[in-house]
Amino acid sequence: MHKSLQAFTGKMDINRDLILLLVIGGLYSLSIFLSNTFVNIYLWRQAGDYSTIAFYNLGIYLFQPVTFILAGKIAKKVDRVIVLRLGVIFLSLFFLSVLLVADKAATYNFMLGSLLGIGFGFYWLAFNVLTFEITEPESRDFFNGFLGVLQSFAGMIGPLLAGTLIARMEETIGYTVIFTISFSLFIGAVVCSFFLKRRQAEGRFHFKRVLTEWNHNKNWRKILNAHISQGLREGIFLFVISIWVFLSTGSEFSLGMFNLFLSGLSFVFYFIVTRWIKPSMRKKFILTGALILYFSIYIILFDTGYVQLMIYAALIGIAYPVVNVPYFSMTFDVIGKAWKAKELRVEYIVVREVFANIGRVTAIVVFLIAISLVSAEVIIPYLLAFFGLGHIVIYLFVKDIYLGAAGTNEPITKEPVTDEKNR
C-alpha cells in the first residue's frame with residue numbers, strides 16, 4: 001500500500017503512521033456507513049415518527065461535544081492513541097447495545113444516541129489530533145482527499161451491502177447481521193491502533209484559554225463561525241434525507257442504491273479534487289461546492305420521488321468533495337498558525353468540534369419545536385431550505401481568511417506554517 005500511495009503522491013513523504021491512520025479511518029467509515037444510516041430506519045420502523053429519530057440524533061450531538069472536552073483532558077495526560085481506542089470501544093458498545101435491546105431500540109433512542117455520541121467524541125478528538133500531528137501542510141490536502149476516497153468507497157459498498165442483506169433476510173435477522181459486522185470492523189480498528197506510534201502530550205488542558213482566542217484571532221473566529229454554519233446544515237440533513245428515501249420507496253435496498261450513487265460520484269471527485277486542488281484555489285472550490293449543495297435541495301423540496309432523490313444524490317456526491325477537502329485543510333492551517341498551536345493543538349480541535357455541535361444541536365432543537373407546532377410534512381421542506389444555507393454561510397466566513405506572509409493578503413502557501421515545525 002505504501003508504494004501505491006507513493007506512486008500516487010509523487011515525491012510527497014508518506015509515513016507508516018499516516019497509512020495506519022487512513023486504514024483506521026477506512027474501517028471506521030465502512031462500519032458507520034454499513035449500519036448508522038440504517039439505525040435511523042430501524043428506529044423509524046419501530047416508532048414511525050420524526051421525533052424518535054430527532055431525539056436519537058440529539059443524544060449524539062449533546063454528548064459528542066461533552067466527550068470531546070473530556071477526551072481533550074485525557075489526551076493531555078495520556079497517549080492520544082489510547083483515546084482513539086476508547087472511541088472505537090464505545091462505538092463497539094453502541095452496536096452491541098443495539099443488538100441487545102433489539103425491538104425495544106426506539107424506547108432507548110436517546111440512550112443509544114448518547115452512547116454513540118460518546119464514541120464519536122473520543123474517536124474524532126483523537127483522529128483529528130493525530131491527523132494534525134501526522135500530516136504536514138503539504139500532505140494535508142492529500143490526506144483529507146484520500147480519506148475522502150476511502151469514505152466514499154465505504155459509502156458505496158456499505159449501505160448497498162446492508163440494504164441487500166436486510167431485503168433478502170428476515171427483517172430482524174438482516175439488521176442483526178449488519179450490526180454484528182460493524183461491531184467486528186471496530187474490533188479490527190482497535191487492533192490497528194496498537195501499531196501507531198505512541199504520542200504523548202504535555203502541559204495542562206487550556207480549554208477556556210483557547211475559547212478566548214475568539215477575541216484575539218480573526219481567522220480563528222471566522223473558522224469557528226463557519227463550523228457553526230456547517231453544523232446547522234448537518235443537524236437535520238443527516239437523518240431527514242435517508243428517511244425520505246425510505247418513505248419514497250419503502251425499501252432499505254433503495255436506500256442502499258441511493259448511497260451507492262452518492263458515494264460513487266464522491267469517490268471519483270475526491271480523486272479529482274485531491275490531485276488538482278491547490279491552496280490558492282481553496283476558496284473558489286468551497287464557494288462552488290456550497291452553491292451546488294444549496295440549489296440541489298430544491299430538486300427534492302416539493303417532490304420526493306425516487307428519480308428526484310437520485311438526481312439530488314448525484315449533485316451532493318459531486319459537491320461534498322469540492323467543499324470538504326479545501327475546507328478541512330484550511331481549518332487545520334488556521335489552527336497551525338494560531339497562538340501556541342504546537343502546545344495547544346488538542347484544545348483547538350476540541351473547541352472546533354464544540355462549535356460544530358452547537359450548530360447541530362440548534363438545528364435539531366428547532367426541528368423538534370417546529371414539528372410539534374406544525375405538521376412535519378408541511379414544515380420540513382422550509383427547514384431544509386433554511387438550514388441548507390449552511391455551506392454558503394461557510395464561504396462568507398472563510399473568504400476573508402488569509403494565512404500568507406505577514407503584511408500580505410496572499411493565500412496559504414505550501415510552506416510549513418508557523419508553530420508546526422518540529423512539533
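**Entry 1: ring pairs.** I began with the rule: rings of Phe, Tyr and Trp (its six-membered ring) pair if their centres lie within 6.5 Å, and planes under 30 degrees apart count as stacked, over 60 as edge-to-face and the rest as tilted. By this rule I get 26 aromatic pairs. Tyr 28 and Trp 124 are edge-to-face, because their ring centres are 5.2 Å apart and their planes stand at 85°. Tyr 28 belongs to helix H2 (residues 16-47) and Trp 124 to helix H5 (residues 109-134), so this pair ties together parts that are 96 residues apart in sequence. For helices I used DSSP runs (H or I, at least four residues), numbered from the N terminus. Both Tyr 28 and Trp 124 are buried; the term means under 20% relative accessible area, with exposed over 50% and partly exposed in between (1.4 Å probe, protein chains only).

**Entry 2: a stacked pair.** I then turned to Phe 90 and Phe 122, which are stacked, with 5.7 Å centre to centre and 20° between the planes. Phe 90 is in helix H4 and Phe 122 in helix H5, 32 residues apart, so the pair links distant parts of the chain. Phe 90 is partly exposed at 23% relative accessible area, whereas Phe 122 counts as buried at 5%.

**Entry 3: where the model comes from.** I am reading a predicted model, in which local features need pLDDT of at least 70 and side-chain atom pairs count only at pLDDT 80 or more, while totals for chains, interfaces and linings use all residues. Residues are numbered from 1 along each chain as its sequence is written, and side-chain values use heavy atoms, with hydrogens and water left out. The pLDDT is the predictor's confidence in each residue, from 0 to 100. Its mean over the chain is 83, and 90% of the residues reach 70 or more. Over residues 405-423 the pLDDT is below 50, and beyond near neighbours in sequence this stretch has 38 contacts in the model. Contact means heavy atoms within 4.5 Å. Where pLDDT is low, the predicted coordinates should not be read in detail.

**Entry 4: the cores.** Which residues touch the most other members of the largest nonpolar core? I found Leu 125, Ile 236, Phe 367 and Leu 384, in a core of 132 residues. Such a core is a set of buried Ala, Val, Leu, Ile, Met, Phe, Trp, Tyr and Cys residues joined through side-chain atoms within 4.5 Å. Leaving aside neighbours within four places in sequence, Ile 236 has contacts that include Ala 363, Phe 367 and Leu 384. I also noted a second, separate core of seven residues, among them Val 149, Ile 277, Phe 285 and Val 322.

**Entry 5: charges over rings.** The cut-off here is NZ of Lys or CZ of Arg within 6 Å of the ring centre and within 35 degrees of the ring normal. Arg 85 lies over the face of Phe 194, at 3.8 Å from the ring centre. The charged end of Arg 209 sits over the ring of Trp 339, 4.0 Å from its centre.

Entry 6: Leaving aside neighbours within four places in sequence, Gly 25 is in contact with Tyr 123, Phe 127 and Leu 147. Ser 114, in helix H5, counts as buried at 8% relative accessibility. Beyond four places in sequence, Ser 114 is in contact with Gly 59, Ile 60 and Phe 63.

Definitions and conventions. Helix = DSSP H or I, 4+ residues; strand = E, 2+ residues; numbered from the N terminus.
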